[in-house]
Amino acid sequence: MVNVDVEIDAKGLYCPMPIVKLKKATKTMTEGQIIKIVATDPGSKRDIPAWANKTGAKVLETNEGDGTFTYIIRV
Amino acid sequence: MSEKKRKMAFVVHSGSLDKLYPVFILASTGGAMDAEVSLFFTFWGMDAIKKGGLEKAKLPGIMSLGTGMMKGKIKDVGVPTLKEMLEMCRDTENVKIYACSTTMEIMGISKDELIPEVDEIVGAATFLDIAMDADVQMFI
């Protein structure tokens, strides 16, 4: 289990909010730090890896359960 | 971070609510994905960048009667207003807003009537210069 530096709650938010929140949070982070985001938007399953792909971040872990999606991302 | 900065160039021709939402959703997301986003507002799109214009945007034609209901549904889902979406775009520091100079002349719009978020008043050559180098071009 990795140490999480920043955690975001994006539950109940729909596109584009989880991505916009993710970007806002990572702005103050340094490369290599870890961010955790919890979302309920099913679109996030494709959207968050797509965001990571374009920004150079890496999705380390994805967990799905109880209607939530949890992502552990290295910035 | 990624090696090359991607570019997106949109002509925003419509000022109706149903068209402006996709514009601002894609622009804020593009900005969040580190793309350089250029929004070129022209014709009815100009209404959106007039002071108070985003708040006044309606559904097109006869559907305009349902604008209040649509706005209510948008709010219920927790999707931000167009004005909030514009702020989100600006927060990414990757979204630029251009106003079409010819439309301003035709419609008699002065610079003072536009929202302060407008970066520049430009013509077709500026848009094409940006669009020719862009990875994504759209006309909305």
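Predicted model: local features only at pLDDT ≥ 70, side-chain atom pairs only at ≥ 80, totals over all residues.
**Entry 1. Terms and model**

I note the handedness convention before anything else: a crossing is left-handed if the near helix is turned anticlockwise from the far one by less than a right angle, and right-handed if clockwise. Residues are numbered from 1 along each chain as its sequence is written, and chains are lettered from A and ligands numbered from 1 in the order in which they are written.

**Entry 2. H1 and H4 of chain B**

I looked up how H1(B) passes H4(B) and found a left-handed crossing. Helices (H or I, at least four residues) and strands (E, at least two) are DSSP runs, numbered from the N terminus. The two helices, H1(B) and H4(B), pack at about 25° with their axes 9 Å apart. I take axes as lines fitted to C-alpha atoms, for helices over the stretch in contact, with angles from 0 to 180 degrees between N-to-C directions. At that angle H1(B) is roughly parallel to H4(B); angles under 35 degrees count as roughly parallel, over 145 as roughly antiparallel, 65 to 115 as roughly perpendicular and the rest as oblique.

On the H1(B) side I list B:Leu20, B:Phe24, B:Ala27, B:Ser28 and B:Gly31, and on the H4(B) side B:Leu82, B:Met85, B:Leu86, B:Met88 and B:Cys89. Contact here requires C-beta atoms, placed from the backbone, within 7 Å. By class, I record 8 nonpolar, 2 polar and no charged residues for this pair of helices. Ala, Val, Leu, Ile, Met, Phe, Trp, Tyr, Cys and Pro count as nonpolar, Asp, Glu, Lys and Arg as charged, and the others, Gly among them, as polar.

**Entry 3. B:Arg90**

I placed B:Arg90 in helix H4 of chain B. B:Arg90 is partly exposed because 15 C-beta neighbours lie inside 10 Å; the cut-offs are 20 or more other C-beta atoms within 10 Å for buried, 12 or fewer for exposed, and partly exposed in between. Leaving out residues up to four places away in sequence, B:Arg90 touches B:Val95 and B:Glu117. I also noted B:Ser28, which is 62 residues from B:Arg90 in sequence but 8.1 Å away in space, C-alpha to C-alpha.

**Entry 4. Nonpolar core**

I then examined the largest nonpolar core, which has 50 residues; B:Phe24, B:Leu39, B:Phe40 and B:Phe41 touch the most other members. H1(B) gives the most to this core, with 8 residues. Such a core is a set of buried Ala, Val, Leu, Ile, Met, Phe, Trp, Tyr and Cys residues joined through C-beta atoms within 7 Å. For B:Phe40 I list contacts with B:Phe10, B:Val11, B:Val12, B:Tyr98, B:Cys100 and B:Phe127, not counting residues up to four places away in sequence.

**Entry 5. Interface of the chains**

I found 15 residues of chain B in contact with 14 residues of chain A. Helix H1 (17-32) and helix H4 (82-91) of chain B each supply at least two residues of the side that touches chain A. H1(B) gives the most to that side of chain B, with 4 residues. By class, that side of chain B divides into 7 nonpolar, 5 polar and 3 charged residues.

In helix H1 (residues 17-27) of chain A, the buried residues are A:Met17, A:Pro18, A:Ile19, A:Val20, A:Leu22, A:Lys23 and A:Thr26. Their cover includes strand S1 (6-10), strand S2 (34-39) and helix H2 (44-55) of chain A, together with H1 and H4 of chain B.

**Entry 6. Backbone exceptions**

Most residues other than glycine have a negative phi, and most peptide bonds are trans. I logged a cis peptide bond between A:Cys15 and A:Pro16, with omega about 10°. A:Pro16 lies in the loop between S1 and H1 of chain A.

A:Asp66, not a glycine, has a positive phi of about 55°. I located A:Asp66 in the loop between S3 and strand S4 (68-74) of chain A. A:Asp66 is exposed, with 5 other C-beta atoms within 10 Å.

B:Asp34, not a glycine, has a positive phi of about 70°. I located B:Asp34 in the loop between H1 and strand S2 (36-41) of chain B. B:Asp34 counts as partly exposed, with 19 C-beta neighbours inside 10 Å.

Terms used. Contact = placed C-beta atoms within 7 Å.
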